[in-house]
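User: I am new to reading protein structures. Can you take me through one, feature by feature?

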Amino acid sequence: MASAPTSKYNSHSLENESIKRTSRDGVNRDVGEPLPRLPGEIRITDKEVIYICPFNGPIKGRVYITNYRLYLRSLETDSALILDVPLGVISRIEKMGGATSRGENSYGLDITCKDLRNLRFALKQEGHSRRDMFEILTRYAFPLAHSLPIFAFLNEEKFNVDGWTVYNPVEEYRRQGLPNHHWRITFINKCYKLCDTYPALLVVPYRASDEDLRRVATFRSRNRIPATGGGYESDDVYHNAELFFLDIHNIHVMRESLKKVKDIVYPNVEESHWLSSLESTHWLEHIKLVLTGAIQVADKVSSGKSSVVVHCSDGWDRTAQLTSLAMLMLDSFYRSIEGFEILVQKEWISFGHKFASRIGHGDKNHADADRSPIFLQFIDCVWQMSKQFPTAFEFNERFLITILDHLYSCRFGTFLYNCESAREKQKVTERTVSLWSLINSNKDKFKNPFYTKEINRVLYPVASMRHLELWVNYYIRWNPRIKQQQPNPVEQRYMELLALRDEYIKRLDELQLANSAKLSDPSASPSSPSQMMPHVQTHF
Amino acid sequence: MFSLKPPRPTFRSYLLPPPQTDDKINSEPKIKKLEPVLLPGEIVVNEVNFVRKCIASDTSQYDLWGKLICSNFKISFITDDPMPLQKFHYRNLLLGEHDVPLTCIEQIVTLNDHKRKQKVLGPNQKLKFNPTELIIYCKDFRIVRFRFDESGPESAKKVCLAIAHYSQPTDLQLLFAFEYVGKKYHNSASKANGAPLGAGGSSSQKTPLFETYSDWDREVKRTGALGWRVCSINEGYMISTCLPEYFVVPSSLADQDLKVFSHSFVGRRMPFWCWSHSNGSALVRTALIRDVLQQRKIEQRICNAITKSHPQRSDVYKSDLDKTLPNIQDIQVAFVKLKQLCVNEPFEETEEKWLSSLENTRWLEYVRAFLKHAAELVYVLESKRLSVVLQEEEGRDLSCIIASLVQVMLDPYFRTITGFQSLIQKEWVMAGYPFLDRCNHLKRSEKEAPVFLLFLDTTWQLLEQCPAAFEFSETYLAVLHDSTRVALFGTFLFNSPHQRVQQSTEFAISKNIQLGDEKGLKFPSVWDWSLQFTPKDRTLFHNPFYIGKNTPCVQNGSVKSFKRPKKSYSSTLRGMPASLKNGIISEEELRPRRNSLILQVKPASLEPRDSQDWDAEQFFREWASRPADLHGTILPHLSGAHIKLWKLCYFRWVPEAQIQHGGFITVFHKLSLLADEVDVLSRALRQPRGGPMPASGPELAPSRLYFRACGPHDAPGTPDFLSSSFPFSPVGNLCRRSISGTPLSKFLSGAKIWLSTETLANED
């Protein structure tokens with residue numbers, strides 16, 4: 001009943017299902033540690049606390065802190081509450097109340113999370129329990145400030161698929177028919193000398209020599225030269241290129257907008273004026289502008305007349321959003337699970353979206369002005385598209401939520417660091433696990449049952465407030481009162497029908513086998529309906 | 001069909017088409033072929049050639065050329081040109097692609113570009129300029145535009161005046177259904193005696209109409225209601241003209257008592273039964289007691305009788321709807337604003353403030369209020385096990401929605417197509433919902449209000465939240481709404497069953513129609529869907545997600561009927577202490593203390609609650625925490641994020657809002673293919689020889705599904721014609737032009753007989 005925070009759409013708790021099951025079976029039961037752990041995860045401490053659940057009030061529980069997560073289990077008999085929070089999602093830890101604070105539950109910690117929730121714990125005033133917990137949490141939630149490694153480097157999980165091999169730049173360019181006589185591959189940035197925030201391998205206009213590129217680079221912000229996103233062809237790339245500016249606000253506006261979203265959904269969902277409150281956050285308006293921009297880009301490209309140069313000041317925020325969304329609209333390949341992983345890997349990770357700065361992995365500076373939910377906004381746009389085209393994407397909502405959860409969790413190396421050169425320096429692919437390993441080794445869980453593969457369909461979403469919705473299953477998932485039906489009833493019905501179809505096919509095959517057996521046996525009389533009927537009919 | 005014979009005697013005033021029009025017809029063989037398709041009793045009133053129908057708001061390149069006619073049933077645009085840009089057309093058998101029934105017309109605006117003049121046309125109006133353009137604003141949110149640049153100016157003017165005149169009749173008997181049904185009677189009388197048209201086709205026969213004693217009796221037995229009986233005191237409408245002839249009352253009340261009590265109620269609408277829960281609690285609706293002196297006494301007697309009819313002798317819970325819900329004027333105002341926002345105002349200009357504008361219409365707020373109130377009554381009936389009496393001044397509006405919603409939530413039968421139709425018969429048509437006034441077929445009532453649409457909208461919210469529990473689709477709901485605008489069916493034409501009998505008897509006498517034993521004319525029923533749609537098109541009414549009683553499913557490797565939990569009405573709640581704690585803390589504990597860390601949490605429902613509300617909240621939470629019982633009670637989620645705008649209904653004509661190749665229909669399509677495949681397999685299994693999958697399978701048996709699984713060689717993709725508007729198409733149906741129309745009410749008049757449009761046109 002009170003297990004609100006372990007919503008079914010919390011991907012952390014989902015992945016631990018198996019672990020929980022073994023402990024229930026008594027196989028791995030350790031009374032002192034009823035705590036799921038990843039390989040490489042180490043328990044640091046545990047404490048008895050009062051968890052101030054915003055939905056169900058104070059609940060007494062025991063909190064366990066490891067080098068990866070904060071885990072709370074209720075100690076009350078009538079509550080099955082479990083909290084399972086990777087320390088990576090923590091953006092801020094504050095002490096509440098002082099030694100002189102009176103009143104019950106007025107002394108403790110308030111933890112602000114990057115995934116739109118706050119956790120509050122009340123502790124005993126005596127015995128330094130709060131100080132200990134504060135220090136341990138601070139240490140492991142913000143390892144960079146304490147010269148500790150990010151957990152991804154300690155994670156010893158093994159998967160039967162290696163997600164790091166998903167994206168191979170040469171192969172992906174080849175899939176797009178590159179190089180060709182308009183575009184060529186260059187290794188000019190091999191050792192990240194030209195531009196340290198670009199990948200080593202680039203596709204550039206055929207006629208631009210490496211010498212030209214070097215010259216251009218000096219004029220561009222941080223030496224970021226124009227390079228292809230989708231590999232869209234054109235005769236004379238820069239003559240026919242069209243420049244347009246989109247009225248999309250900067251990263252600071254986006255950050256403030258998301259804060260406002262949190263204000264109206266956590267812990268209480270604004271009820272009486274839901275729509276106007278939502279409007280006042282401007283979140284959907286920003287989503288609309290990004291989608292509109294991407295549609296314009298896609299439209300220009302698909303009309304075949306011009307290539308598109310997508311601009312923003314540094315080319316790693318808006319550019320990544322617009323190019324990747326336009327590619328989703330134009331190229332159905334990116335709407336598959338693997339295609340989407342490649343898209344993220346290429347347009348975001350490889351092309352230097354500053355994940356470390358925008359997310360602040362392991363960093364204690366919660367007020368850093370560089371932080372901004374640019375990638376979240378992109379995933380939200382993808383979700384909006386999947387709402388409008390529910391059969392066009394191979395992946396489901398859980399896939400997107402899992403990506404967002406691990407954007408913060410620091411369990412995988414996928415989103416760490418600001419650019420490829422830094423990742424190479426840290427040997428991320430050798431020393432950490434890729435998020436795609438987790439997903440690709442259990443793909444079924446992330447598949448949209450309604451997916452209809454259509455190779456050449458271009459999809460333009462309607463970027464209108466009439467169709468954009470707040471992503472309730474992500475932004476309001478902590479509130480048990482706003483629970484959307486799980487599993488989705490429409491999806492559930494489809495799965496039932498699939499099972500029914502398989503069962504019928506099995507039976508028809510059996511019947512046919514029986515028939516052909518009779519036919520091949522000349523002594524047998526022609527199969528009589530009366531013989532077959534009872535067998536079949538018992539089931540109807 | 002269309003002929004230039006002299007008009008029929010009853011319509012003496014009809015014009016002959018003016019001579020110059022005739023010349024054009026003769027000189028233009030192509031136009032000559034353009035003949036309207038007319039129904040029995042339908043007559044062309046006026047027509048004009050060389051009309052352009054505008055397709056796009058911003059360009060004339062797609063415009064169609066043809067003839068515009070006005071009949072006594074519809075306006076019809078007849079063209080040989082194919083419809084451009086349109087990939088799909090959902091065909092109504094009564095109406096052509098470009099037709100608008102007269103009763104669907106909301107406002108008629110004529111313009112003259114050159115003279116920069118415009119005029120909203122009422123009946124009996126003069127028009128001092130020759131119109132170059134005609135804009136028809138429809139009640140179903142369409143906006144249709146015609147240009148007369150190449151037409152004869154006088155003919156154009158006359159057609160406009162005719163449309164204005166015939167779409168705003170002053171008498172009920174001028175509505176087309178009367179002419180249609182009269183024609184049918186005459187035709188059948190000349191052939192053989194007997195009923196001219198059975199109340200409808202097979203489907204309508206299945207839908208109980210609640211016109212007879214036995215329909216009510218069956219319903220009492222179906223719900224297992226003990227202590228209730230059908231009473232006949234209103235036979236011949238002797239007691240009340242707005243109650244059905246038969247209705248159900250507590251067994252302990254004698255006819256004589258009822259007759260006495262009836263005088264005290266508004267409209268003599270004494271309490272009558274709607275439905276009984278399996279736990280014995282009954283749902284009853286009543287008008288208010290007018291007679292203050294008698295009020296206490298009568299209320300007491302009736303409450304006692306209802307209590308006696310309850311197996312546990314439970315108390316009666318009274319719900320005063322007038323005090324708790326928006327009134328019909330509020331609903332109408334909200335609807336007008338919604339319509340303004342959805343179709344009239346320019347798309348782009350409303351984008352920025354869309355959400356707050358939508359909120360300001362208050363439509364969704366009202367949708368939520370009705371759902372919430374109905375859900376609370378479900379709690380009272382099911383968990384508190386009390387009988388509920390719905391009180392409303394006349395008991396003919398809000399009671400209809402609430403009574404229906406409560407039953408849709410509680411009784412899975414009303415979530416089937418037949419059940420839903422019988423519910424509309426029982427709680428709307430027979431219970432005296434004033435369709436005539438609320439739909440405003442006569443364009444003169446200040447009583448117009450989309451109460452029925454609001455009910456369809458609230459039903460849609462439930463369907464949206466719990467799709468597996470409903471046999472019908474949202475297309476069905478939208479088409480049902482559209483059918484209220486077709487003045488052919490008796491179902492939605494009258495303010496009460498009595499009015500049908502009285503008006504149609506009067507009409508029959510004037511037309512010399514022999515009624516025999518029948519009580520009034522038998523109008524076609526809307527439930528005879530074969531009048532409007534082909535069998536194939538009717539399959540779109542079926543919701544492929546529905547899990548009915550006999551829907552097979554796989555359980556542990558064997559195929560069974562969908563397992564229904566035994567009617568488990570509130571089993572988990574029975575006997576639960578009011579202050580039960582199970583994981584939820586009481587309000588007292590929730591209140592933050594001084595200096596406390598507890599966030600300021602408001603309880604989910606905002607009002608300060610008494611213990612009853614607290615229990616109700618508990619009930620809803622319990623319900624929400626369990627998997628939905630598709631064959632039991634379903635309840636709505638009511639948060640702002642859950643109550644949505646019914647886009648298919650309100651956006652289907654808006655081209656800018658159309659998602660090409662997208663929308664929920666693509667999932668509907670995908671699931672239909674699978675469901676069809678399962679059907680084919682299941683049929684193959686049932687065939688004696690269980691032979692190979694018949695290649696011609698789909699042709700052999702008509703499918704219940706619109707989208708068919710084809711052979712393995714067919715392309716599996718999503719059909720190109722699907723869009724979020726499907727099966728409707730916005731092409732040519734929403735040609736906005738910003739004009740400020742004058743309210744229709746300004747142009748109302750009281751003449752009962754059609755005036756000659758000739759006279760009107762000639763007056764200047």
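User: How many of the residues of chain B count as buried?

Analyst: This is a predicted model. A residue counts as buried when its relative accessible area is under 20%. In chain B, 61% of the 764 residues pass that test. In chain A, with 540 residues, the figure is 58%.

User: How many helices and strands does chain B have?

Analyst: Chain B has 25 helices and 16 strands. Chain A has 20 helices and nine strands.

User: How do I read contacts along the sequence?

Analyst: Take contacts between residues at least 6 apart in sequence, then ask what share joins residues at least 24 apart. For chain B that share is 74%. For chain A it is 69%.

User: Which residues have the most contacts inside the largest nonpolar core?

Analyst: Start with the general idea. In soluble globular proteins, nonpolar side chains tend to be buried together. Here the largest nonpolar core has 290 residues. Those with the most contacts inside it are Leu325(A), Phe340(A), Phe375(A), Tyr475(A), Trp363(B) and Tyr650(B). Helix H12 of chain B, residues 363–382, gives the largest share of this core, 13 residues. Apart from this core lies another, of 33 residues, including Leu68(B) and Val731(B).

User: What does Tyr650(B) touch?

Analyst: Leave out residues up to four places away in sequence. Tyr650(B) then touches Phe141(B), Leu338(B), Cys342(B), Val343(B), Trp363(B), Leu453(B), Asp457(B) and Leu645(B).

User: How do I find a cavity, and what is the volume of the largest cavity?

Analyst: Rolling a probe the size of a water molecule over the atoms shows where empty space is left. The count here is nine cavities of 30 Å³ or more. The largest has a volume of about 440 Å³. Its lining has 29 residues, and Tyr90(B), Asn92(B), Arg142(B), Trp653(B) and Phe728(B) lie nearest its centre. By class, this lining holds 13 nonpolar, nine polar and seven charged residues. Helix H17 of chain B, residues 474–483, gives the largest share of the lining, three residues.

User: And what lines the second largest cavity?

Analyst: The second largest cavity has a volume of about 230 Å³. It is lined by 18 residues, and closest to its centre are Glu211(B), Val429(B), Gly490(B), Thr491(B) and Arg500(B). Helix H14 (417–429) and helix H18 (497–510) of chain B each give two or more residues to this lining. The classes are ten nonpolar, five polar and three charged.

User: Which residues are joined by a cis peptide bond?

Analyst: Read the omega angle. Tyr266(A) and Pro267(A) are joined by a cis bond, with omega about -5 degrees. Pro267(A) lies in the loop between helix H7 (251–265) and helix H8 (274–281) of chain A. In chain B, the bond from Phe726(B) to Pro727(B) is also cis, with omega near 5 degrees. Pro727(B) sits in the loop between helix H24 (697–700) and helix H25 (757–762).

User: Last one: where is Ser147(A), and is it buried or exposed?

Analyst: Ser147(A) is in the loop between helix H3 (129–141) and helix H4 (169–175) of chain A. Its phi is near 50 degrees, a positive value in a residue other than glycine. Ser147(A) is exposed, because its relative accessible area is 71% and the cut-off for exposed is over 50%. Arg313(B), not a glycine either, has a positive phi of about 55 degrees. Arg313(B) lies in the loop between helix H8 (292–308) and strand S13 (316–320) of chain B.

Key
Residues are numbered from 1 along each chain as its sequence is written. Chains are lettered from A and ligands numbered from 1 in the order in which they are written. This is a predicted model: local features need pLDDT of at least 70, side-chain atom pairs count only at pLDDT 80 or more; totals for chains, interfaces and linings use all residues. Side-chain values use heavy atoms; hydrogens and water are left out. Helices (H or I, at least four residues) and strands (E, at least two) are DSSP runs, numbered from the N terminus. Buried means under 20% relative accessible area, exposed over 50%, partly exposed in between (1.4 Å probe, protein chains only). Contact means heavy atoms within 4.5 Å. On a 1 Å grid over the protein atoms alone, a cavity is a set of points where a 1.4 Å probe fits but cannot get out, and a pocket is an open set with protein on both sides within 12 Å along at least five of seven lines; lining residues have an atom within 4 Å of a point. Grid points are joined across faces, edges and corners, and a volume is the space filled by probe spheres set on the points. Ala, Val, Leu, Ile, Met, Phe, Trp, Tyr, Cys and Pro count as nonpolar, Asp, Glu, Lys and Arg as charged, and the others, Gly among them, as polar. A nonpolar core is a set of buried Ala, Val, Leu, Ile, Met, Phe, Trp, Tyr and Cys residues joined through side-chain atoms within 4.5 Å.
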